[in-house]
Amino acid sequence: MSTIGQFNKYVMHSYGRYDLVMDKGAHETATDEDGKEYIDFGSGIGTNSLGYCNDDWVNAVCEQVHKIQHTSNYYYTKVQADFAKSLCETAGYTNMFFGNSGAEANECAIKIARKYSFDKYGKGRHKIITLVNSFHGRTLCTLSATGQDVFHNYFFPFVEGFVNVEANNIADLREKLDDTVCAVMFEYIQGEGGVMALEKDFVDEIFKLCAEKDVLTIADEVQTGVGRSGKLLCGEHFGHKADLTTLAKGLAGGLPIGVCLSGEKCANVFTPGTHGSTFGGNPICCAGGLAVLNKVTFTGFLDEVTKKGEYFREKLLKIPEVKSVSGIGLMIGIELKSKNAGEVVKAALDKGLLLLTAKTKVRLLPPLTISYEEIDKGLTILEELFK
Ligand SMILES: *Cc1c(COP(=O)(O)O)cnc(C)c1O
């Protein structure tokens with residue numbers, strides 16, 4: 001039986017997949033079972049931040065596999081301690097919690113926010129404001145947090161206590177941020193929602209109101225974090241640091257990880273027994289994460305990401321079919337004049353280019369290490385597709 005036939009016989013059909021069997025990869029190029037190559041402008045939805053099988057990352061991960069692959073969270077490992085120190089210090093936070101995915105990182109932040117408020121103010125102050133058009137994950141709680149009605153089906157009842165505010169609508173925010181709210185959760189750039197950056201005024205207002213009311217700010221940087229925007233955290237572009245920041249996608253270069261970073265305010269909200277995750281902080285993932293952090297924080301690396309982002313934007317805006325380009329750094333949304341984004345992505349496969357969509361846009365999340373040569377090759381294919 002073919003790989004696809006076998007897969008579809010046994011695996012639940014929760015994804016609309018392309019007829020493409022990935023076999024291997026190197027740098028920015030993936031290769032399928034038939035040996036056909038694809039330039040990757042999606043990097044596994046922003047996970048393979050250093051591309052495929054980056055040497056330093058492979059070495060760090062393999063070394064850890066040979067040493068110890070996992071131990072329970074009742075013990076300590078050095079690689080976890082090293083990664084936690086490096087991540088907290090470079091991101092400017094005091095503490096963190098280890099999970100395995102973006103959704104889990106967000107669940108952690110939601111639990112911290114509710115307990116912080118409960119410990120200090122008692123019951124009835126548990127609501128969390130999230131934004132219309134946001135995306136926070138696929139678990140029941142993070143789906144409930146997600147501000148898109150299309151996700152609020154079938155799985156009733158959803159978790160209560162989430163209130164949606166329209167992105168960039170300050171009046172709506174002011175009205176809904178009352179005494180029952182313990183946190184405001186947002187993406188600086190809504191990723192799945194169409195690569196839409198929030199307006200600076202609106203973000204300023206979130207931080208101002210939250211500071212006044214001792215309401216926590218939760219930045220979901222699962223997609224925007226770890227250098228994707230040209231800064232380690234996208235919040236730096238806005239001049240803000242949230243009380244809690246969640247990271248996941250690109251953090252360990254393609255290994256499953258999700259973390260919730262906290263400042264001193266929330267550092268001691270969890271006490272033994274109040275939260276956990278069996279695989280959280282897996283040593284192999286931590287080794288991968290350290291390799292990513294070492295690269296991303298290397299002098300000049302993030303400036304390069306910014307430059308490549310600008311290069312992409314400049315070239316894209318010269319293509320007649322391109323109506324506008326959104327996002328920051330190497331998180332890029334392309335609004336098209338007449339073509340359908342989904343069809344463009346499909347057609348790109350034939351031509352050897354991997355793309356993503358976000359709502360009606362074509363979305364690019366290329367590896368942060370992508371070379372100009374590969375950018376040019378990919379853009380040439382894009383230009384053809386847009387003709
Ligand atoms: C992808 C994503 C998530 C969910 O991450 P998973 O690892 O799929 O659970 C949450 N928030 C944002 C902003 C994301 O882009």
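Biologist: What should I know before looking?

Modeller: Residues are numbered from 1 along each chain as its sequence is written, and side-chain values use heavy atoms, with hydrogens and water left out. The model is predicted, with local features needing pLDDT of at least 70 and side-chain atom pairs pLDDT 80 or more, while totals for chains, interfaces and linings use all residues.

Biologist: Which residues surround the ligand?

Modeller: A residue is near a molecule if one of its heavy atoms lies within 4 Å of it. Here the shell includes Ser101, Asn106, His136, Glu187 and Lys249. It divides into three nonpolar, six polar and three charged residues; Asp, Glu, Lys and Arg count as charged, and Gly is among the polar ones. Helix α5 (residues 102–121) gives the most, with three residues; helices are DSSP runs (H or I) of at least four residues, and strands (E) of at least two, numbered from the N terminus.

Biologist: What lies 2.8 Å from a nitrogen atom of the ligand?

Modeller: A polar contact is a pair of N or O atoms within 3.5 Å. A polar side-chain atom of aspartate 220 lies 2.8 Å from a ligand nitrogen. The protein buries 81% of the 380 Å² that the ligand exposes when taken alone, by the Shrake-Rupley method with a 1.4 Å probe.

Biologist: How is the chain divided?

Modeller: Domain bounds come from an automatic or database assignment. This chain has domain 1 (3–54 + 299–386) and domain 2 (68–296).

Biologist: Which backbone features deserve a look?

Modeller: Most residues other than glycine have a negative phi, and most peptide bonds are trans. Serine 43, in helix α2 (residues 43–46), has a positive phi of about 40 degrees. The peptide bond from phenylalanine 156 to proline 157 is cis, with omega near -5 degrees. You will find proline 157 in the loop between α6 (140–145) and β6 (162–165).

Methods. A polar contact is a pair of N or O atoms within 3.5 Å; within protein, one must be able to donate a hydrogen and the other to accept it, and residues adjacent in sequence count only if both atoms are side-chain atoms.
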